[in-house]
Amino acid sequence: IVRSKVIALRLGPSAFGELAQLGAIVATVTAVTTFGMQVSLSRNAARAGTFAERQAFLANANGMVLSLSLLATGVMFVALVAGDLLTVVGLPANREVTIAAALSIAAIPLLGLQTNFLALLQGVLDVKGLAAQRSLAVLIATGICIPLVWFLGLVGAAANFLILNALLTLL
């Protein structure tokens with residue numbers, strides 16, 4: 001809550017809207033690249049008899065999602081560099097928005113891996129582990145990201161998005 005309030009206060013309505021639109025674009029691409037893998041992974045993890053079976057299901061899902069999300073990230077970067085992406089989605093093609101878009105796009109593979117890990121934890125009903133890891137990641141990201149957002153504006157907010165998703169993926 002604190003991080004979101006700082007972002008909204010620092011960016012103002014226009015840049016906050018740009019950040020929200022970048023988030024929606026990244027969420028859409030992530031949804032397409034994960035193509036419902038979480039449902040299958042959660043179901044298979046729930047019925048798996050051993051830890052090794054669950055890890056094998058996760059590895060297979062991660063391989064597919066990571067391949068597709070890296071491909072999608074590459075396509076998005078090409079579109080961004082070509083100058084078409086921001087124009088197509090109705091965002092200003094200035095330096096700040098371009099950097100924010102690049103940082104946001106870089107989070108796509110991390111988001112794909114996150115959804116798989118969350119599905120695995122849901123499948124094995126490890127809600128306590130899920131909550132603890134996410135809480136730790138959010139606390140660390142808040143401490144790191146508030147100064148970034150305050151001093152760097154939209155670029156800092158996009159960096160916040162990337163850092164938070166990296167922490168959620170790694171922790």
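The model is predicted, so local features need pLDDT of at least 70 and side-chain atom pairs count only at pLDDT 80 or more, while totals for chains, interfaces and linings use all residues. Residues are numbered from 1 along each chain as its sequence is written, and side-chain values use heavy atoms, with hydrogens and water left out.

**Overall fold**
- The protein chain has 8 helices and 0 strands (DSSP runs, H or I of at least four residues for helices and E of at least two for strands, numbered from the N terminus).
- Its radius of gyration, taken over C-alpha atoms, is 17 Å, close to the 16 Å that the globule rule (2.2 Å times the number of residues to the power 0.38) gives for 171 residues, so the chain is as compact as a globular protein of that length.
- The C-alpha trace spans about 50 × 35 × 20 Å along its principal axes.

**Inside the protein**
- Buried residues (under 20% relative accessible area, 1.4 Å probe, protein chains only) make up 40% of the 171 residues.

**Charges**
- There are 9 positive side chains (Lys and Arg) and 5 negative ones (Asp and Glu), with His and the chain ends not counted.

Methods
Buried means under 20% relative accessible area, exposed over 50%, partly exposed in between (1.4 Å probe, protein chains only). The place of a charge is taken as NZ of Lys, CZ of Arg, CG of Asp or CD of Glu.
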